[in-house]
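Here is a short briefing on selected features of one structure.

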Amino acid sequence: MTKILLVGANGQVGQELRHTLTGIGQLVSVGRQDMNLTEVEAIRQVIRREQPDLIVNAAAYTAVDKAESEPELASQINAIAPTVMAEEVQRLGGKLIHISTDYVFNGKKSSPYREDDMPSPLGTYGQSKLLGEDGVRQACDNHIILRTAWVYGTKGKGNFVKTMLRLAAERDELRVVADQIGSPTWSGDIAAAIARLIDREASEQAAELSDATGTYHFTNSGVASWYDFAVAIFEEAKTQGASLKVQRVVPITTADYPTPAQRPAYSVLSGQKISKLIGSPPHWRHSLRQMLVELYTS
């Protein structure tokens, strides 16, 4: 049976993966308390002890604005740690699945980014994630880098959906950026996609997938601005009986809401490549509805 080491098991994607990966192989889940991602030797020690066939790295430093003032910490977690994981799993003859981000792109395109488009991150967070991708590629022959975007879910700490719901319960009016475009993506769908990749790869009937390595894009289908997303969140939450104070959602520009980190204006990722392996993902609005049902009924 394949031994899977799940790193970042307590994050919003990691908690979903603990569910979707159960039964596919022998699952060992580690969180921050089990593996200090800022200590290279601590990472090596855990991997050498567990001897996994596959590492799934769902751990990341994701505080986009804070990264501008903590570049070293962002680099340790997003660049150095996955490179060390890649080195160790290469030594074991295994595989690494590593989650990356749309923020490796600068957002100046007007059509969905393909896997072979040239990265050009705008900020420290995106730069650290790109360095992690490069480290994985160089250190491990058998890897999948899965770029995703605009991630939210019921698990883990704050995300855009939870923040909007909290603010909507407190305020009559919310101002939300309308000139950044992407694909909102439910952490539950990311975890399900990774499980399908692993499960199909392990299947004798899918021998072509044993060679499925390299970079893939996975998001929910469809596109939205943050403003569109916020409006949809409130509409769907109300159908679940949420008590919201908000009466008006006002679209604003990025310039109206300055942040320490610059963000890509357009970061839609093309999912054509991965869809050939595991099928097309659900539309973001459908998955948002599922997430809110889970949030309000659990």
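Trp 186 touches Glu 16, Tyr 152, Gly 153, Asn 220, Ser 287, Gln 290, Met 291 and Glu 294, leaving aside residues up to four places away in sequence; contact means heavy atoms within 4.5 Å. The model is predicted: local features need pLDDT of at least 70, side-chain atom pairs count only at pLDDT 80 or more, and totals for chains, interfaces and linings use all residues. Residues are numbered from 1 along each chain as its sequence is written, and side-chain values use heavy atoms, with hydrogens and water left out.

**Trp 186**
- Trp 186 lies in strand β9 (residues 185-186); strands are DSSP runs of E, at least two residues, and helices are runs of H or I, at least four, numbered from the N terminus.
- With a relative accessible area of 8%, Trp 186 is buried (under 20%; exposed is over 50%, partly exposed in between; 1.4 Å probe, protein chains only).
- Between Trp 186 and Gln 290, the C-alpha distance is 9.0 Å, across 104 residues in sequence.

**Cavity**
- One cavity of 30 Å³ or more is counted, a cavity being a set of points on a 1 Å grid over the protein atoms alone where a 1.4 Å probe fits but cannot get out.
- The volume of the largest cavity is about 50 Å³, taken as the space filled by probe spheres set on the points, which are joined across faces, edges and corners.
- Its lining residues (an atom within 4 Å of a point) include Val 64, Glu 68, Tyr 103 and Pro 264.

**Gln 45**
- Gln 45 sits in helix α2 (residues 40-50) and is exposed, at 55% relative accessibility.

Terms used:
On a 1 Å grid over the protein atoms alone, a cavity is a set of points where a 1.4 Å probe fits but cannot get out, and a pocket is an open set with protein on both sides within 12 Å along at least five of seven lines; lining residues have an atom within 4 Å of a point.
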